[in-house]
Each structure stands twice: as C-alpha cells, then as structure tokens.
Number of protein chains: 2
Amino acid sequence: MERIKLIVEYDGTNFCGYQVQPGKRTVEKELEDALEKIYQVKVKTFASGRTDAGVHALGAVLHYDEPKTLKKPINAQTINAFLPSDVKVVGLEVVDDTFDARFTAKKKTYWYKFYLSRVERPLFENRALRVNDNIDIGKMCEACKYLIGEHDFTSFVARKSGKTNFVRTIFDAKIIAAHDYYIFEITGNGFLYNMVRIIMGTLINVGKGIIEPSDVIQIIKAKNRAKAGKTMPANSLYLLKVEY
Amino acid sequence: MERIKLIVEYDGTNFCGYQVQPGKRTVEKELEDALEKIYQVKVKTFASGRTDAGVHALGAVLHYDEPKTLKKPINAQTINAFLPSDVKVVGLEVVDDTFDARFTAKKKTYWYKFYLSRVERPLFENRALRVNDNIDIGKMCEACKYLIGEHDFTSFVARKSGKTNFVRTIFDAKIIAAHDYYIFEITGNGFLYNMVRIIMGTLINVGKGIIEPSDVIQIIKAKNRAKAGKTMPANSLYLLKVEY
C-alpha cells in the first residue's frame with residue numbers, strides 16, 4: 001500500500017470544475033470513480049487545488065493512499081482504462097508519505113491562451129480567448145515584468161472567501177508567441193481565486209492602450225479589485241504544472 | 001452582384017465532411033444555409049475541394065456569385081451571425097469573375113498534427129495523433145525530402161476513383177516542432193484521395209525504424225498502395241491554406 005502521485009490532463013469543457021459536487025460531472029468524481037473500480041473500495045484523493053468549470057489542465061497533481069495492495073502495481077494505463085476521453089492520467093509515481101499534493105506544492109504555473117482575430121475561430125472554441133488584432137503585445141510583455149516578485153494581490157482577487165493573506169510571490173510572468181496564438185505564462189507560489197483571469201483582463205487593457213504597462217504597479221498598490229481589469233473567461237485558462 | 005471569395009475555418013469533429021450529403025450535417029450545407037438566409041434565395045458555392053468527415057480546416061476556400069445586390073455589402077461578420085460556432089468565415093474578398101476556388105488553385109497546404117506520449121492526451125482528442133515517444137523525428141525530417149518534386153503518387157492513393165493521372169508536384173514537405181506537438185506540413189499543386197494521411201502513415205513507419213528514410217524513393221517508384229504505410233486518422237488533418 002503506497003502513496004501514489006498522479007499527474008492528470010483534462011479538457012475542462014464538459015466538466016463542472018474539478019471538485020466533487022453532488023449530481024455534477026467533475027474531474028475529481030471521474031478519478032475517484034475509476035480508482036474505486038480498481039481497488040473495489042472508495043478512494044479519497046487530494047489535489048493540488050481546484051479549477052473552475054471550463055478550466056483545462058495539462059498537469060494537475062493529486063495524491064491518494066492505496067487502500068489495499070493490488071496483485072500488479074498500479075500504472076497510468078490501468079487507471080486510464082476506467083476514465084473518459086476528456087480526463088487521463090499522464091504521469092504516475094510512487095511517492096514518500098511526506099508528499100502532499102496540496103501542502104507541499106512549491107510552484108504552480110498557469111497558461112492563458114489568446115489569439116488575435118477580428119472573427120471567432122472555430123478551432124479555438126473553448127480553448128483560447130479572441131482578442132482584436134489592434135493589440136500591442138510588446139506593451140503586454142512589459143507589463144508582465146511588474147507582476148514578478150512578492151506582492152499583495154488584493155486587487156486581483158474575485159472574492160475574499162475567508163482568506164486573510166493576499167500576498168503571493170510571482171517567480172515569472174511572460175507572453176510566449178506560439179504558432180498562431182499567444183500564451184500568457186505565469187508561475188507563482190500560489191494563486192488567489194480568479195487571480196490569473198483578472199491579471200489577464202488587466203494585461204488586455206494594457207495591450208489595448210487603456211492603461212500603460214507601469215500602471216500595473218499602481219493597481220497592485222491600490223489593493224482594490226475595481227482598479228484591475230475584467231475577469232477573463234475560464235475556458236482559455238490551463239493549469240500547466242505543479243512543482244514540489 | 002459580385003463574385004465573393006470566402007476563407008473558412010472549421011472544426012471537423014461534428015461534421016460528416018465538407019460536401020452536401022442528404023440528411024447529414026456538412027460544412028457546405030451550413031454555409032449555403034447561412035447564405036440563403038442572407039440573400040433569401042438558394043446560393044450555390046464552389047469549394048477548392050472536399051474534406052472527409054473529421055478533417056479540420058484553417059483556411060478552406062470557396063466562391064459564390066451573389067444572386068442579388070444587398071443594401072449593405074456582404075462581410076464576414078454578417079455570414080458568421082448565421083453560422084454555428086464550429087464553422088466561421090475568417091476572410092472575405094470581392095474577386096474577379098475569372099477567380100474559381102477550385103480550378104484556379106495553384107497550391108494547397110495541409111497540416112497533420114501529432115504528439116509523442118505513452119498515453120492519450122485529452123486536449124488533443126480529435127485534434128492530433130498520438131505517437132509513442134520512441135520515434136525518431138530526425139529520420140522523419142529526412143524522409144520528407146524525398147517527397148519533394150514531381151512524382152507519380154499511385155502508391156499513396158486510397159482508391160483510384162476514375163482518376164487516371166496520379167502525378168502531383170510537392171513544393172515543400174517538412175516536420176515543424178510546435179509547442180508540445182509536431183506538425184507535418186506539406187504543400188503541393190494538388191493531392192489525391194487520402195494522400196496526406198497515407199504519406200503520414202509512411203513517415204511514421206520511418207520514425208519507428210520499420211523502414212529507412214530513403215525507402216520513400218522505392219515506395220514512390222513501386223506505384224503500389226501496398227508498399228506505403230497505413231492511412232492515418234482524419235481527425236488530425238487540417239487544410240491550412242489554398243493559394244491562387
């Protein structure tokens with residue numbers, strides 16, 4: 001009976017988010033149902049975090065303790081045989097008992113994908129945000145610099161939900177030019193509720209020339225949600241990886 | 001009343017291919033239905049070619065002659081308002097009467113997307129082919145060189161369907177490394193039925209070491225379908241663009 005770490009990819013389009021909710025199709029429910037079929041008893045999983053409805057993951061992490069020893073050690077293929085096509089285990093490791101998917105996470109990286117077009121593009125439906133092509137990507141790159149470091153991100157949190165500490169450290173934030181789209185990539189020690197989506201809305205205001213890149217400094221200082229940009233849609237956000 | 005050229009993007013997943021078929025959901029039907037709503041009469045469109053069920057397009061081209069003059073000149077947004085989210089007009093131009101989407105096409109470029117993984121990846125479902133990670137991309141790149149030029153592609157056609165001329169010119173063929181996947185990109189003056197998908201199957205045999213890159217020369221010379229690789233799935237093929 002081992003502690004197992006799973007790395008999971010999912011297309012969030014047809015899920016009501018990560019966390020189990022009665023009567024709803026969630027990623028966690030699909031994973032726990034698959035494990036129950038394998039171990040023949042209920043298995044509780046512990047995730048690095050939750051994602052909202054529509055959010056995707058390329059490398060979400062969770063762990064569980066095996067309720068019994070199987071005849072053949074567990075592997076990704078075995079679990080995947082019990083999973084639907086929109087969620088799959090892409091990595092599996094036996095880990096030490098000190099590993100905890102949530103509490104020992106050191107860094108998380110998110111992607112927010114966007115593309116420049118005057119019309120909606122079907123192949124980006126539920127996958128990337130459309131932005132008009134008169135946006136200044138250079139200014140958005142410059143604004144990213146001001147996010148890096150330890151800051152109080154009160155201006156970038158949707159609702160405070162009982163949390164009292166809004167200080168987070170951003171290790172890196174940048175815009176990556178991909179084939180026919182862009183990726184805003186951000187790595188931090190943790191993220192507040194809707195934080196990446198609100199940062200993205202703020203960066204788009206920079207790209208559109210509504211605010212200047214250096215205004216990001218003032219928005220952080222203000223500690224006021226009203227100063228930051230709109231919350232961008234969930235369906236273009238991806239949890240890329242969690243590092244321990 | 002003008003001749004209009006449309007550039008169209010579609011996600012082929014939920015279409016029974018491009019061409020109108022009674023009782024089936026096709027790209028052509030959606031486009032002609034949208035135009036009929038705008039012009040209030042049936043509108044016949046002429047496409048650069050057909051794609052099979054599941055095949056996607058980033059830049060399919062078609063033309064039609066306006067049956068009447070509208071009060072306000074037609075534009076992409078007007079047509080898109082009558083189209084579902086999985087097919088959209090991404091470009092629209094008024095063209096000369098000598099333009100014909102099918103007969104004046106000079107070059108077509110296709111993409112075939114694949115990714116390396118031991119397990120299926122949900123975000124590539126219906127979008128890219130999974131290939132095991134022990135494949136040699138370098139050898140696949142080398143094999144591409146032998147496709148370039150004017151050749152008889154009889155070995156790479158699914159069924160002969162009345163055609164007698166199997167000679168086509170390939171202007172370029174290469175493997176592009178994208179963010180977390182690869183693209184096989186091929187440009188030619190025309191393609192036979194299933195030709196790109198059979199070439200892809202042959203390149204995968206090269207990558208797996210089943211055949212050597214230079215064996216592509218012999219396969220072309222053989223003019224025998226049995227010598228080439230399997231037909232790879234439709235859902236990872238994209239019509240990228242048509243040049244005139």
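**Notes on the two chains**

1. Let me start where the chains meet: 22 residues of chain B are in contact with 22 residues of chain A (contact: C-beta atoms, placed from the backbone, within 7 Å). On chain B, the side touching chain A draws at least two residues from each of β1 (3-10), β3 (56-65), α2 (76-80) and β4 (87-95). Helices (H or I, at least four residues) and strands (E, at least two) are DSSP runs, numbered from the N terminus. The largest share of that side, 4 residues, belongs to β4(B).

2. A word on how to read this: it is a predicted model, where local features need pLDDT of at least 70 and side-chain atom pairs count only at pLDDT 80 or more, while totals for chains, interfaces and linings use all residues. Residues are numbered from 1 along each chain as its sequence is written, and chains are lettered from A and ligands numbered from 1 in the order in which they are written.

3. Next, the core. The largest nonpolar core holds 144 residues, and A:V8 and B:V8 have the most contacts inside it. Such a core is a set of buried Ala, Val, Leu, Ile, Met, Phe, Trp, Tyr and Cys residues joined through C-beta atoms within 7 Å. Beyond four places in sequence, B:V8 touches residues including B:L31, B:A57 and B:V89.

4. Finally, have a look at A:H151 in strand β7 (residues 149-152) of chain A. A:H151 counts as buried because it has 21 C-beta neighbours inside 10 Å (buried: 20 or more other C-beta atoms within 10 Å). Leaving aside neighbours within four places in sequence, A:H151 contacts A:V167, A:R168 and A:I220.

Conventions. Buried ≥ 20, exposed ≤ 12 C-beta atoms within 10 Å, placed from the backbone. Contact = placed C-beta atoms within 7 Å.
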